[in-house]
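Open the viewer and keep the selection panel at hand. Each stop below says what to pick and what to look for.

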Amino acid sequence: MEAAQRAIDVGVIESLGQGKRVTKGTIKKEIPWFNDDFGEDFVFEDVVEALTFYKTAFGSFDGLDKDFVVPEPSFGGEFDIDASADAAAAIAKAEKMGEDSDALIAAEIERMELEMQGGLEEKSDNGAKWPEHLAGMKLGGITSRIRDGSLEVKHLPDRKKQLDKIKFDWGNEKRFLDVPFEKTMCAMFGYFLVRGDLFVYEDYVMPGDKPWPLAFAGFELGKAVKRIRELQNFFEAYHPEKVQLLRRVEFVWFPELALPLNPEEGPESWEDTFVEGMGHPFYQMNEPSVGTIERLISVGANGDEEKTGSYYDYNEVAEFWERGDITDSGKESERPGWKPAEWLWFNGFGQLSSEHEDRYGMSAGLEMMRLVESFHDGEITEKDFDKRAETAILLWEEEQLKEEAVSAGFEVTPDDTMATLVEKIKNDPECQAIDEDPEYKKMIEAEIDAEDAREAMIQKMDLEEAQAEMEVEVEEEALDAEYEYYEDEDEEPVVKPPVDDDDDDVEFEDDDDDLEEEVDSDDDVDDEDFGIEEEEL
């Protein structure tokens, strides 16, 4: 009975039932929460070792796909059966001949031991022998989670430094989460189990007492949750699978907190939305040729593959927009003579127009319009206007010359300038023949004379206008000298008329005295009227 009581005290048994039936005791184990980030109880140092071994064996991380797993050891699966059979036959023959077979047996045992040792090391596809303690590590998946920020590696300077030493490929920076998502997800799940929601205050820190998981004590959950809400567009664009995980814990988004997908580019404009949803206006073709479509597909994205705008290249559709619907049947539709940037601007796509100019060159017509507006608003001086307008006009003349050269049948390249075009035209035999034509010379001379006459007329008009302005100024100065203005503090200014020397002096009557006399006479009339009325009464 004493032994039974001692067993109860230490927990081996719980009690003695009826008929001294023993009820076994149970030991309640306290297993704290912990983050098994790398699976199978691997630690970060194991991951660094595996990545280092991989790069040494393969030369780079290019072939490290998501499904790569460190191979398991092989136990004799590659034994040389033929060699063992030959050794056994040699031993049997020696024993039959009465010879000593101990040396043959020892040699075969040594060969088999070496073969066993080689079989215990993991081998990859290229023959590299992996350390046994790394077998089973899902290195490809771990690498993918490190690159997108799911695992807390790049967020910690010490860990990042270790991987930088082996020149680890961190992947696409645009898809990296600056919040360790898996750690945050576990902390949010614990909070959800305790509180029932994820309306976490920004300054909330995970406590270190029960019922909270000790592994997350001190973790700034509030800041992490706020950051995830700010990255709503980022999650929906690059990590939709993580959005599904958040839905399982009833995570609530606040769209007013969401930042643009690329904050450095500023908020998304309606034109950006249009391009993402409808495509660039220059790509909205009608019956494009097969060759045009093939070129567009072959070129691919010129930026972020997730953005529709990255697949736009005007060079691939320039022919379409300059000539119309180029189809296999040769049909063309007429379009107004807009330049690409001008067409975009006049159709309300101001941002796309500016982007086109930045990429493919300034539009002379739009530049002139902008200069006129800037000068009218007082943003630039007349000198700046003249200087910049001269450049725009020269560009416009060059564009006109290119169009006329193309119409005349000349081959024009994008690199041609006005000087090169003029040289091509001058050296062309047909143009040289035209220059020698008398009728053409007369026409040119007449045009030159007409231009000279126009310039002479303009100069004459400018001269007449200047003379008229000078005469007006002289008259104004004469009037200012003829009249003198006097001003007194108490009296209104009185104008002294000019004196005529030929006439006698004229006496001026005082208008005020005449006014007083008129008032007095009116009073007398009124008095007389009242007198008559009284007599009649």
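How many aromatic pairs does the structure hold? The count is 20. Keep in mind throughout that this is a predicted model.

**Stop 1: aromatic rings**

Select tyrosine 54 and phenylalanine 61. The ring centres of tyrosine 54 and phenylalanine 61 are 6.5 Å apart and the planes meet at 5 degrees, so this pair is stacked. Both tyrosine 54 and phenylalanine 61 are buried.

Now widen the selection to Phe53, Tyr54, Phe58, Phe61, Phe68, Trp130, Phe168 and Trp170. Together these residues make up one aromatic cluster.

Which geometry does the pair of phenylalanine 375 and phenylalanine 385 show? That pair is tilted, with 5.3 Å from centre to centre and 40 degrees between the planes. Phenylalanine 375 sits in helix α16 (residues 364–376) and phenylalanine 385 in helix α17, so the pair ties together parts 10 residues apart in sequence. Colour the two by accessibility. Phenylalanine 375 is partly exposed, at 38% relative accessibility. Phenylalanine 385 is buried, at 18%.

**Stop 2: along α17**

Stay on helix α17, which covers residues 382–407. Select glutamate 398 and lysine 402. A salt bridge joins glutamate 398 to lysine 402, with the closest N and O atoms 4.0 Å apart. The two residues are 4 places apart in α17, about one turn of the helix.

Next, pick glutamine 400, also in α17. Glutamine 400 is partly exposed, with a relative accessible area of 24%.

**Stop 3**

How many salt bridges does a search of the whole structure find? It finds 18.

Go to glutamate 152 and lysine 183. They form a salt bridge whose closest N and O atoms are 3.3 Å apart. Glutamate 152 is in the loop between α5 (139–148) and α6 (157–165), while lysine 183 is in helix α7 (residues 181–195), so the pair ties together parts 31 residues apart in sequence.

Then move to helix α8 (residues 221–230) and show lysine 226 and glutamate 230. The closest N and O atoms of this salt bridge are 2.6 Å apart. Lysine 226 and glutamate 230 are 4 residues apart in the helix, so about one helical turn separates them. Are these partners buried or exposed, or in between? Lysine 226 is partly exposed, at 28% relative accessible area. Glutamate 230 counts as buried, at 17%.

**Stop 4: charges over rings**

Select lysine 154 with phenylalanine 176. The charged end of lysine 154 sits over the ring of phenylalanine 176, 4.7 Å from the ring centre. Then select arginine 229 with phenylalanine 251. The charged end of arginine 229 sits over the ring of phenylalanine 251, also 4.7 Å from the centre.

Keep phenylalanine 251 selected and show its contacts. Beyond residues up to four places away in sequence, phenylalanine 251 touches Met188, Leu198, Val225, Ile228, Arg229 and Leu246.

**Stop 5: the nonpolar cores**

Which members of the largest nonpolar core touch the most others? They are Met188, Met206, Leu221, Phe235, Leu246 and Phe251, out of 28 residues. The elements giving two or more residues to this core are α7, α8, α9 (232–238) and α10 (240–248). Helix α7 gives the most, with 6 residues. A second, separate core has 24 residues, including Leu134, Leu139, Ile142 and Ile146. In soluble globular proteins, nonpolar side chains tend to be buried together.

**Stop 6: the faces of α10**

Finish on α10. Select its buried residues: Lys242, Val243 and Leu246. Look down the axis of α10. The buried residues fall within an arc of 105 degrees, so they line one face of the helix. They pack against α5, α7, α8 and α9. Turn to the face away from the buried side: the exposed residues Gln244, Arg247 and Arg248 are there. Last, step just past α10 to glutamate 250, which takes a positive phi of about 55 degrees.

Note on methods
Residues are numbered from 1 along each chain as its sequence is written. This is a predicted model: local features need pLDDT of at least 70, side-chain atom pairs count only at pLDDT 80 or more; totals for chains, interfaces and linings use all residues. Side-chain values use heavy atoms; hydrogens and water are left out. A salt bridge is a side-chain nitrogen of Lys or Arg within 4 Å of a carboxyl oxygen of Asp or Glu. Buried means under 20% relative accessible area, exposed over 50%, partly exposed in between (1.4 Å probe, protein chains only). Rings of Phe, Tyr and Trp (its six-membered ring) pair if their centres lie within 6.5 Å; planes under 30 degrees apart count as stacked, over 60 as edge-to-face and the rest as tilted. A charge sits over a ring if NZ of Lys or CZ of Arg is within 6 Å of the ring centre and within 35 degrees of the ring normal. A nonpolar core is a set of buried Ala, Val, Leu, Ile, Met, Phe, Trp, Tyr and Cys residues joined through side-chain atoms within 4.5 Å. Contact means heavy atoms within 4.5 Å. The arc is that of the directions from the helix axis to the C-beta atoms.
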